[in-house]
Amino acid sequence: MISRLDEARQAIRQRIIEKLHDLGWPTLDELVQVEVPTEKGRGDLTTSFALKAARRVKMPPRELLGHMDAIWSDLPCVAGTEVAGPGFLNFTLSTAWMAEVIPDILRHPQTYGNTAVGQGKRVLLEYVSANPTGPMVIVSGRAAAVGDTLARVMSAAGYQVWREFYVNDAGGQIARLGQALALRLRELEGEDVESTWPENVYPGAYVKELALMYRAEHPEVLAQSLAEDEYPALGAWAAERIRQGHETTLKHFRVTFDRWFSERALRESGAPEAVIQRLKDRGYLVEREGAWWFTATRFGDDKDRVMVKSDGSLTYFVPDAAYHADKFDRGFDYVIDLLGPDHHGYVNRIRAVVEALGYPSDRLEVLIIQLVRVMRDGELVRMSKRGGTFVALEDLIEEAGIDPARFFLLERAPETPMDFDLNLAKLKGPDNPVYYVQYVGARIHSVLRQWRQMGAPAVPVDVTLLQEPEERQLIILLARFPEVLVRVAEERAPQHLVKFMTELAGAFHAFYRQHRILDQAPKLRQARLALAEAVLAVNTRGLELMGIEQPQEM
RNA sequence: GCGCCCGUAGCUCAGUGGAUAGAGCGCCUGACUACGAAUCAGGAGGUCUGAGGUUCAAAUCCUCACGGGCGCACCA
């Protein structure tokens with residue numbers, strides 16, 4: 001049982017199944033699904049089991065439904081039924097019965113919506129994992145918002161969530177970062193480096209800032225004497241500074257991690273070599289053209305992958321494999337990777353190596369976070385890391401604000417490319433959907449303030465007085481909240497929460513425009529106050545799960 | 001060329017094999033002597049890219065075509 005709505009659903013389903021058994025059809029149970037209809041005006045719950053079962057029972061759907069007529073009379077949650085269309089059965093739930101959700105919420109406002117569907121399963125969520133070679137771009141922000149909200153919602157759904165950021169602080173790119181730093185240090189000593197800037201070395205302006213920091217820290221180092229073999233160490237120094245910047249930016253964005261997993265530490269532990277040995281032992285590593293290849297094609301990948309290059313060094317893929325081995329060795333039930341759009345060729349490879357190492361690859365889930373294009377004044381804002389001109393996550397947060405940025409980045413299905421409309425996000429006005437949702441809380445807080453000033457005595461709450469259509473709509477939505485969270489958690493789909501919050505806000509604004517709360521007879525006033533407080537609780541909780549603030553005044 | 005993702009209203013996008021395909025923005029018409037108008041009520045706007053197929057039922061599943069994005073190194 002995950003909610004009051006679910007209780008009604010289960011009761012109805014059980015009743016239908018019992019009746020089918022009575023009629024002599026004991027094998028149709030799985031066809032009986034009671035669902036929330038996709039559109040309004042089709043009842044509060046609906047089932048199409050008669051359509052699904054028609055063929056097997058050799059009876060037209062509506063005739064089958066005729067047998068279901070009298071079986072609802074003693075179910076307190078059902079107020080009415082209706083047969084519609086070719087054979088749908090729609091249920092109207094008892095408003096008074098559903099309204100009990102209000103005291104349920106008010107008893108535990110901070111935890112309403114929590115469920116145990118995750119059964120305490122341990123989940124490792126890896127997200128962002130931006131390279132520490134430059135500022136984070138927007139797609140990292142999307143991964144941050146999605147990963148963080150998934151972590152929050154999955155925790156609410158009863159999973160034990162561990163959040164991790166994998167830091168690629170080793171390898172060739174770090175050496176190149178070190179080279180860039182060395183060049184900028186030489187520039188500080190008066191050398192012209194621009195005209196001879198090498199290919200593949202980050203020219204970004206942020207390296208100049210790093211050079212200034214480095215010189216302040218190490219005034220004794222003479223840049224001209226820096227040799228090539230010192231680039232990795234320089235790069236590591238720079239990478240750690242950049243990583244700290246990422247951490248600061250993400251924290252500001254309300255995104256935190258339980259662990260920053262260092263690739264360098266992983267390499268130093270010898271884990272990559274251990275993976276090589278394990279694959280050799282299992283016979284999945286073959287020597288060809290002087291290199292060692294992982295036979296990924298045996299596990300469904302397009303081609304085999306080099307792991308040990310002919311010069312004896314390891315490809316980047318080996319530490320990644322070792323990292324995943326480490327994840328599985330830590331005993332997680334689910335290993336979820338949120339990867340950037342440039343990684344989809346990589347998914348089969350990592351899945352292959354996980355399987356080759358003998359881990360249950362069905363516990364590995366890879367979610368590709370798709371590209372974000374930023375639009376300003378209807379024009380595409382170009383991002384180019386190479387040229388050093390791009391929209392950094394920091395700039396986006398600065399320009400749009402944390403709340404709108406998170407809201408917009410969560411609004412779309414993560415695996416589809418999206419456009420981020422900067423103009424809309426920046427709007428401080430009525431057209432901005434973030435404020436639409438936040439305004440709900442501000443209005444209710446305002447009513448509650450005035451209620452306290454009235455000093456009117458509280459009377460016992462009787463939620464059965466809430467019979468207006470707008471009140472009913474709110475009650476049904478409040479009852480749906482726990483299931484929304486379950487769906488977000490299980491489908492790894494935060495956009496459903498955003499949609500729900502927008503719907504709840506719409507229902508509240510409609511109610512608020514139509515009906516008054518405070519100038520009512522004491523009993524109705526008390527009931528509406530309870531309703532408003534319940535809406536506030538769910539609104540606040542939902543926003544919190546999205547990492548968005550609920551201002552008391554706007 | 002191969003692989004992955006996508007194609008739904010003017011724009012940006014939801015959509016769980018079900019009923020008359022939804023929302024926001026934009027456009028049009030109305031509503032404060034009012035607990036907050038950052039709001040509400042209503043309207044116009046669709047061959048769900050196309051063609052086949054599976055199904056009682058397809059935007060949804062399958063095949064093909066077309067269009068778009070991204071990826072396809074002994075780089076990371």
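This report walks through some features of a predicted protein model, from its overall layout down to single residues.

First, some ground rules. Residues are numbered from 1 along each chain as its sequence is written, and chains are lettered from A and ligands numbered from 1 in the order in which they are written. Because the model is predicted, local features need pLDDT of at least 70 and side-chain atom pairs count only at pLDDT 80 or more, while totals for chains, interfaces and linings use all residues; side-chain values use heavy atoms, with hydrogens and water left out.

## The layout

Chain A is split into domain 1 (4-93), domain 2 (172-245) and domain 3 (430-545). Those bounds come from an automatic or database domain assignment. Between the C-alpha centres of domain 2 and domain 3 there are 55 Å.

## A sheet with a helix across it

Helices (H or I, at least four residues) and strands (E, at least two) are DSSP runs, numbered from the N terminus. Four of the strands make an open sheet in the order S1-S2-S4-S3, with antiparallel pairing. At the edges sit strand S1 (34-35) and strand S3 (78-84), each pairing on one side only. Two strands pair if DSSP finds at least two bridges between them. Strand S2 (residues 45-47) and strand S4 (residues 88-93) have three bridges, in the antiparallel sense. For Thr47, the bridge partner in S4 is Leu89. What holds strands of a sheet together? They pair through backbone hydrogen bonds.

Helix H1 (residues 4-22) lies across S1, S2, S3 and S4, and runs at about 30° to S2. That angle is taken between N-to-C directions, on a scale from 0 to 180 degrees, using axes that are lines fitted to C-alpha atoms (for helices, over the stretch in contact). Contact here means heavy atoms within 4.5 Å.

## Salt bridges

A salt bridge is a side-chain nitrogen of Lys or Arg within 4 Å of a carboxyl oxygen of Asp or Glu. Searching the whole structure turns up 32 salt bridges.

| Residue | Partner | Closest N and O atoms |
|---|---|---|
| Arg186 | Glu191 | 3.2 Å |
| Arg254 | Asp403 | 2.7 Å |
| Asp419 | Arg373 | 2.9 Å |

To say how hidden a residue is, we use relative accessible area: buried means under 20%, exposed over 50%, and partly exposed in between (1.4 Å probe, protein chains only). Glu191 counts as partly exposed because its relative accessibility is 27%.

Now take the salt bridge between Arg254 and Asp403. Arg254 is partly exposed, at 22% relative accessible area, whereas Asp403 is buried, at 13%.

The salt bridge of Asp419 and Arg373 is another link. Asp419 lies in strand S15 (residues 418-421) and Arg373 in strand S13 (residues 372-376), so the pair ties together parts 46 residues apart in sequence. Asp419 is partly exposed at 38% relative accessibility, and Arg373 is partly exposed too, at 39%.

Salt bridges can also join up: Asp148, Arg152, Arg163 and Arg406 are linked in a network of them.

## An enclosed helix

Why is helix H15 described as largely enclosed by the rest of the structure? Nine of the 10 residues of H15 (residues 402-411) are buried, so that is how it comes out. Among the buried ones are Asp403 and Arg406, which also turned up above as a partner of Arg254 and as part of the network.

## A buried charge on its own

Asp320 is found in helix H12 (residues 317-329). This residue is buried yet has no salt bridge, and the nearest side chain of opposite charge, Arg267, is 7.5 Å away. (Lys and Arg count as positive and Asp and Glu as negative; His and the chain ends are not counted.) Leaving out residues up to four places away in sequence, Asp320 touches Tyr166, Asn168, Tyr346 and Ile350.

Most residues other than glycine have a negative phi. Arg254 has a positive phi, near 70°. Arg492 has a positive phi as well, near 55°; its place is the loop between helix H18 (469-491) and helix H19 (495-514), and it is buried at 9% relative accessible area.
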